[in-house]
Amino acid sequence: MSALNEFKKGLWAESPVFVLLLGMCPTMATSTTVMNGLGMGIAATFVLLGSNLFVSLLRKVIPDKIRIPCFIVVIATFVTIVDLMMSAYLPDLHKVLGVFVPLIVVNCIILARAEAFAYKNNVLNSVMDGLGMGIGFTLALIILATIREPIATGRILNAPDFGFGGLALFPAKFAAGLISQPVGGFMTLGFVLAAINGLANRKKMRQDAACGCPAPKEV
Amino acid sequence: MRDIVRYGIILTLICAVSGASLALVYSKTSVIIEARQQQAAMKAMAIVLPKATDFVKVEDAELAGVASGQTGVLEAYLGSSAEGAAGAIVKVQSNGYGGAITMLVGMDTEGICQGVQILSQTETAGLGSKITDEAFTGQFAGMSGTLAIKKMGGQVDQVSGATISSRGAVAGVNKALDVAKALLGL
């Protein structure tokens, strides 16, 4: 049961992007289109899964003092594997994600999960944690990209790797290119975080009202 | 002291396993990657010089002599078909608004531009990045002489809102055409 909880927490309750606010750099850079977000998310999930699995397997072997270099070697190995595979089988995606694929090595989500979770937990829980966090990261990227891609380009689901040009929502001349820049990414993230927090607050207020507790003061 | 040796051995073992697995993946994927890159390069060359069927790379030393002091001339190819020489392709780099623009330019034996492909650029997304669009690159085919954008009294339609990117791209095309002419002895 606890393994399932480890998986579920990463999806939303401890979403790496929306709650832990980790991995902002790849988030801003790759949530420009849904396809890029999905590609980055899958790549990061694979690395998270691999690094959590091996860090957890080796947690009794790796001495405390040299754990960080060991984690980095494990993470870097998986990142390089992803980089090579992607450039062989999904070249267009690899071209767009560019330097952000090798930079998964320094994605703080991955080192954070290795250090904070996998090094202290058994293999099953670590794998579930990695999978949950990876899918949570992917989900967050897709949510941001679903907002950013249409505003920035007027189309959605553009996927050159699969020969699909995307669905046109409105003419490209009305598109706001700024949203595909990091500035636009932070703006989108700000609105999404505000919406998430607003909804959570309202839910809490309704619960408080339902149980007859004094209503919380307006903030 | 003992600890250092122990740590060293553990780290070495982890690195060795990592290196071995990477070597395995690399040996499998490098073949595919290389083939794909070659294919992409051939496709771009066929677009910029459709008449040619065969391409021969110009030696770096010869190219440096022809380019005579022009910077950013990267590679050149002589194209030929069954009927003989078909033209030349030059890969150049010029400066845009956000950095270097790398492009492939093809010219036939009459000195007429046959096509332009932007290979890589870092211009502003949605503005300068439109220099990669067919609408912009497609207009070079059939042009000759020294080109300039319409804003500067030339013949090339600039990308609106991206004069500097357009000017950078046109400068690159001019440079490539100059080198191509020198290569073909025009």
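At 8% relative accessibility, T102(B) is a buried residue. Here, buried means under 20% relative accessible area, exposed means over 50%, and partly exposed lies in between, with a 1.4 Å probe and protein chains only. The structure is a predicted model, in which local features need pLDDT of at least 70 and side-chain atom pairs count only at pLDDT 80 or more, while totals for chains, interfaces and linings use all residues. Residues are numbered from 1 along each chain as its sequence is written, chains are lettered from A and ligands numbered from 1 in the order in which they are written, and side-chain values use heavy atoms, with hydrogens and water left out.

T102(B) sits in strand β4 of chain B, which covers residues 100-108. Strands are DSSP runs of E with at least two residues, helices are runs of H or I with at least four, and both are numbered from the N terminus. Residues up to four places away in sequence set aside, T102(B) touches L74(B), K91(B), V92(B) and Q93(B), and also Q117(B), I118(B), L119(B) and S120(B). A contact means heavy atoms within 4.5 Å.

Chain B as a whole holds four helices and five strands. Along the sequence they follow the order α-β-α-β-β-β-β-α-α. The radius of gyration of chain B is 22 Å, well over the 16 Å that the globule rule gives for 186 residues, so chain B is more spread out than a compact globule. This radius is taken over C-alpha atoms, and the globule rule is 2.2 Å times the number of residues to the power 0.38. The C-alpha trace of chain B spans about 75 × 45 × 30 Å along its principal axes. Of its 186 residues, 39% count as buried. Among chain B contacts between residues at least 6 apart in sequence, 50% join residues at least 24 apart.

Chain B exposes about 9800 Å², and carbon and sulfur atoms supply 57% of that area. Accessible areas come from the Shrake-Rupley method with a 1.4 Å probe; for residues, only the protein chains shown count as cover. Chain B carries 14 positive and 15 negative charges, whose mean positions are 10 Å apart. Lys and Arg count as positive and Asp and Glu as negative; His and the chain ends are not counted. Each charge is placed at NZ of Lys, CZ of Arg, CG of Asp or CD of Glu.

S160(B) lies in the loop between α3 (134-137) and α4 (163-184) of chain B. S160(B) is exposed, with a relative accessible area of 63%. G138(B) is 22 residues from S160(B) along the chain, and their C-alpha atoms are separated by 16 Å.

Chain A contains eight helices and two strands. From the N terminus, its elements run α-α-α-α-α-α-α-β-β-α. Its C-alpha atoms fill a box of roughly 55 × 55 × 25 Å along the principal axes. Of the 219 residues of chain A, 44% count as buried. Among its contacts between residues at least 6 apart in sequence, 74% join residues at least 24 apart. Chain A exposes about 10900 Å², with 71% supplied by carbon and sulfur atoms. It has 17 positive and 11 negative side chains, and the centres of the two sets lie 5 Å apart.

R113(A) belongs to helix α6 (residues 108-116) of chain A. Its relative accessible area is 9%, and R113(A) is buried. Beyond its neighbours within four places in sequence, R113(A) is in contact with K9(A), L20(A), L48(A), N52(A), A118(A), D129(A) and M133(A).
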